Amino acid sequence: MNAFIDEHRARCGVEPICTALQVAPSAYQQHAARQRNHALLPERAKRDAKAPCPLDRVNRQFEVDRPNQLWVADFTYVSTWRGFVCVAFVIDVFARCIVGWWVSTSKQTDFVLDALEQALYARRPRA
């Protein structure tokens with residue numbers, strides 16, 4: 001959204017665009033100030049910019065010819081009645097469905113590997 005406002009602000013003005021997009025002008029102004037002066041960025045953003053990014057091994061090409069050719073994985077946090085839990089999942093890009101998943105109360109890497117193991121077990125060749 002900020003990129004859209006950046007692109008069109010000279011022609012339309014910030015406030016009319018923010019009104020149309022239902023965005024607070026102050027939020028955009030804070031973004032613009034941070035772009036001009038990186039010292040205003042939150043501490044986490046400063047740390048994340050310094051961290052090396054993982055390689056994109058598929059070059060954002062998510063089209064495949066057959067099942068099990070490409071899997072992608074991610075994890076997220078989910079709010080429950082008892083607090084937050086971590087959910088990891090593995091998706092078969094061809095079928096566009098989850099083939100393995102795991103829920104954990106811990107942020108340890110093991111729960112992501114458990115999701116992968118579940119996917120490997122579910123998609124193993126049957127004899």
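1. Arginine 123 comes out as partly exposed, at 26% relative accessibility (buried is under 20% relative accessible area, exposed over 50%, partly exposed in between, with a 1.4 Å probe and protein chains only). Its salt-bridge partner is aspartate 92, with the closest N and O atoms 2.6 Å apart (a salt bridge is a side-chain nitrogen of Lys or Arg within 4 Å of a carboxyl oxygen of Asp or Glu). Aspartate 92 sits in strand β2 and arginine 123 in the segment after α5 (110-122), so this pair links parts 31 residues apart in sequence. Aspartate 92 itself is buried, at 0% relative accessibility.

2. A word on what you're looking at: this is a predicted model, where local features need pLDDT of at least 70, side-chain atom pairs count only at pLDDT 80 or more, and totals for chains, interfaces and linings use all residues. Residues are numbered from 1 along each chain as its sequence is written, and side-chain values use heavy atoms, leaving out hydrogens and water.

3. The whole structure has four salt bridges. Another of them joins glutamate 63 and arginine 96, at 3.4 Å from N to O. Glutamate 63 is in the loop between α4 and β1 (71-80), and arginine 96 is in the loop between β2 (83-92) and β3 (97-104), so the two tie together parts 33 residues apart in sequence. Both residues, glutamate 63 and arginine 96, are exposed.

4. Then there's lysine 46 with glutamate 43, a salt bridge at 3.2 Å, N to O. Both belong to helix α4 (residues 43-50), three residues apart, about one turn of the helix (helices are DSSP runs of H or I, at least four residues, and strands are runs of E, at least two, numbered from the N terminus). Lysine 46 is partly exposed at 25%, while glutamate 43 is exposed at 53%.
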